[in-house]
Amino acid sequence: MRLFHCPVLLVLAAALPISAQFASSGTTTMSVTVQPEAAIRIDTAVTTLTSTGTAFSNYTGTTAFTYKIRTLASGGSGAIQLQVTADFSPANGPSVASPPTAGDQLTYVCTVSAPGTGCTGTQVASTTVATSVSTFGANASSTSNGNSGSVSWTLTNDPAYRTGSYTATTTLTISAT
């Protein structure tokens, strides 16, 4: 008997009237919490460094990027940083971590459209620490299509480098609070 009564009670409970009424229209209240966010897209997939002009002129090239950012209205901040995450290889060519000649460097200058503030002066790239490309203050927001920036590179052209092709990887990271 008990097995028979349970299904009957469930059927009866499902048949009870619902307090909400159907109408020709209805409303709902929506809520959203907008948080700080940041994203970056590298527009130059491969940056080729070339030497032009006189013999042993430094190698130069430019990496373009687009960023989107939104920081907190009060106390918010953000940054774009870069780090050489894989040094030049193969061996016997340029190197950021262990250059063949003291003073050899991979340096860069930044350009960033507002609301970012670009790095000032020439920066030295590193394999051990992230270095600055841009900073953002409180209430910073990019356009919906993103804002532009670039890193212009200079690599010392040392006669000690063996001939050949060398590649390195640099990672740009963006953050927002």
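1. Contact here means heavy atoms within 4.5 Å. Not counting residues up to four places away in sequence, Thr-131 touches Ile-80, Gln-81, Leu-82, Tyr-108 and Val-124.

2. This is a predicted model, in which local features need pLDDT of at least 70 and side-chain atom pairs count only at pLDDT 80 or more, while totals for chains, interfaces and linings use all residues. Residues are numbered from 1 along each chain as its sequence is written, and side-chain values use heavy atoms, with hydrogens and water left out.

3. Thr-131 belongs to strand E8, residues 131–136 (strands, E, are DSSP runs of at least two residues, numbered from the N terminus). Thr-131 counts as buried because its relative accessibility is 14% (buried means under 20% relative accessible area, exposed over 50%, partly exposed in between, with a 1.4 Å probe and protein chains only).

4. The side chains of Thr-131 and Tyr-108 are joined by a polar contact of 2.5 Å (a pair of N or O atoms within 3.5 Å; within protein, one must be able to donate a hydrogen and the other to accept it, and residues adjacent in sequence count only if both atoms are side-chain atoms).

5. Ser-144 sits in the loop between E8 and E9. Its relative accessibility is 62%, so Ser-144 counts as exposed. Tyr-67 is 77 residues from Ser-144 in sequence, yet the C-alpha to C-alpha distance is 9.9 Å.

Terms used: Helix = DSSP H or I, 4+ residues; strand = E, 2+ residues; numbered from the N terminus.
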